[in-house]
Amino acid sequence: MSLRQSMAGLHTWAGLLVSWLLFTILFAGSLACFDKELTRWMQPSLHPPAGQPLSADQVRDWLHTRAPDAHAWWMRPPGPREPWWRAGWEPDGGEFQAFQLHAVTGEPLPKSVGGDFFFTLHYDLHAGLNGMYVVAAAAILMLVALISGVIIHRRIFQDFFTLRPQATRQRAWLDAHNVLGVLGLPFHLLMAYTGLAIFVITYMQAGIRVAYQGDAVRFDTEVQRSWEREDIGQPAPPPVSLDGLIVQAQRTWGDGGTAGWISVHHPADAAAVVSIRRRDDSRITDDQRTVSFDAASGALLHVQPPYDPGYRTFAWMTGLHMAQYGGQWVRGLYLLLGLAGCLMLVSGVQLWLAKREARGGLGLGLVRGLNAAVLGGLPLASLALLWANRLLPSGLPGREHWEVRAFLFTWTASIVWAALPLRRDRRTRDQLLLGALLALGLPLLSVVRAPQGHLGVSLARGDWALAGVDLVLLATGAVCALLSRRLGRVQAPAPTPPQRLAEESA
Amino acid sequence: MISVSNSTGAAAGIALRLVAAAVGGYGLAYTATAFLSVWLPLARTDRVMFASLASFAVYTGAILYAFAARSPWRACWVLSALCGVLALGAFLPGGFGARP
């Protein structure tokens, strides 16, 4: 068996087995490029442009009245993409409490999962550490599929210019798979690798074991060059102004950097520490250079030195994956290349099906069912989540859980429908039609439910971040409607007998 | 090409390659990370970071090798032997890896 043959088998099976999992990860990750814009879209009270935002001192007062004895307070000022305050606290031994505050009024916003839902789905499937390991396994197999794909590819350049959509079904899917695979290859390789790198310390502890005798805390402190001060058990004197400390931190950085995360550790103690992290969206590597002050006297306690080369490389890889640098055009490119990856997976699975439909084989029904359940079900469930967001009353207790339930209910319904022998030959058409209705309906629904942020208003305001969400929904709906019509026309004549190809029968 | 075959021999061969890829691959990634964390001529934080970041490349390479090797048994013993050599290099020097 030649190398190319064994790699072809590996490519087919490593790719197929994780296709649906990877589709979920890539789809959620692509949407997560615009998580902050989605969060704002999902909070109608953030739609009108905000005025003078709350000061950091006012947010600290807000935290003080709610959690005076917290282990630590955290806050993050509004930015161009996030016109709201984030604030929260860590109770001693309890779970982290997080809020979004209206930038001007300081009111906590109605609970909503926001764009974070897709971000979390992307990296741990909402299943915590176990989910992270599943995602990591999928990412390793993605690397294997990509590299074995390159090895079996004889004419990487010619194939890029070869697209025969009118050819036999199998040939057309193969061309599509090749074009999308080659087009996205550098991006997909980088994303798979840097995505794994983000949690490298969780996945690979060998280095800490031999070089730090397993002391992970010591390693973390050393690489991040972080600094802490223990509490001393005495009550805290009145604190100095946080806003003044922010100005002082900016003077310390001296490069126009602005404040990102601000934390107050053991705020009720005389040894309370204010730490201010720099936020830098202009570079791939955001080193978050932290400045720490004494909360009571305002004395400068510590300035975090630059990272060592190893950790800087890690931060560069993380930054490359997270796409917080470079502005909306870079994020738009990430979104498109991510979706190209989704289509590469779809065409790969269709290619597998087209080949086996010709000669029959095991698992055809299972693969078709999984396609309907995941490739159709996940986008429909995502649209259902947005519908729930618009329809649920803002005062509903546990509102964010109902959003998730709408998502899960729709996905479960898609899975059940995929398993039942109902309208099987028209399944894709039905799903596309439903997707078109859901996507086109959302901008209309917003006219009623988000009067200060629907498309007419946001376009008139030149508010492209907000209008963009609705425009993408309209485009998605239009594409779904067109495809559904086209499928209806293609299926009408009797199917031509499938043709087998001697070549590339992986 | 790997296909669903009637021959039990072929199925056993694929199962063996799968084990070599998953277990042997992780073993090789683990021991290579440990080995590099001890022996790279760098400061301790950099040794650990660079070695750890390289581990996924090692894992991927090992999986590809497990399916490219001439025979399933060969994949198993080559990966095991490499793991053994790297583990000896990483764990024998004792406290040397913990130098700053």
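By a contact I mean heavy atoms within 4.5 Å. The model before you is predicted. With that definition, in chain B residues 24 or more positions apart account for 75% of the contacts with a separation of 6 or more.

Let me stay with chain B. Along the sequence its pattern reads α-α-α, with 3 helices and 0 strands. Its radius of gyration is 16 Å, well over the 13 Å that the globule rule gives for 100 residues, so chain B is more spread out than a compact globule. Taken along the principal axes, its C-alpha atoms fill a box of roughly 55 × 25 × 15 Å. Of its 100 residues, 44% count as buried. The chain exposes about 4600 Å², and carbon and sulfur atoms supply 76% of that area.

I turn now to chain A and its strands. Strand β2(A), residues 84-90, pairs with β1(A), residues 72-76, in the antiparallel sense over 5 bridges; here Arg76(A) has Arg86(A) as its bridge partner. β2(A) is also joined to β3(A), residues 97-102, by 6 antiparallel bridges, and Trp85(A) is partnered with Leu101(A). β2(A) and β3(A) form a hairpin with 6 residues between them, and Gly93(A) in the turn has a positive phi of about 70°. Because 5 of the 7 residues of β2(A) are buried, this strand is largely enclosed by the rest of the structure.

Finally, the unreviewed UniProt entry places transmembrane regions in chain A, including residues 332-354 and 464-483. The 332-354 span is 100% helix, its end C-alpha atoms 32 Å apart; the 464-483 span is also 100% helix, with its ends 27 Å apart.

Methods. Residues are numbered from 1 along each chain as its sequence is written. Chains are lettered from A and ligands numbered from 1 in the order in which they are written. This is a predicted model: local features need pLDDT of at least 70, side-chain atom pairs count only at pLDDT 80 or more; totals for chains, interfaces and linings use all residues. Side-chain values use heavy atoms; hydrogens and water are left out. UniProt positions are given in the numbering used here, feature names are shortened, and annotations may be inferred rather than shown by experiment. Helices (H or I, at least four residues) and strands (E, at least two) are DSSP runs, numbered from the N terminus. Buried means under 20% relative accessible area, exposed over 50%, partly exposed in between (1.4 Å probe, protein chains only). Two strands pair if DSSP finds at least two bridges between them. The radius of gyration is taken over C-alpha atoms; the globule rule is 2.2 Å times the number of residues to the power 0.38. Accessible areas come from the Shrake-Rupley method with a 1.4 Å probe; for residues, only the protein chains shown count as cover.
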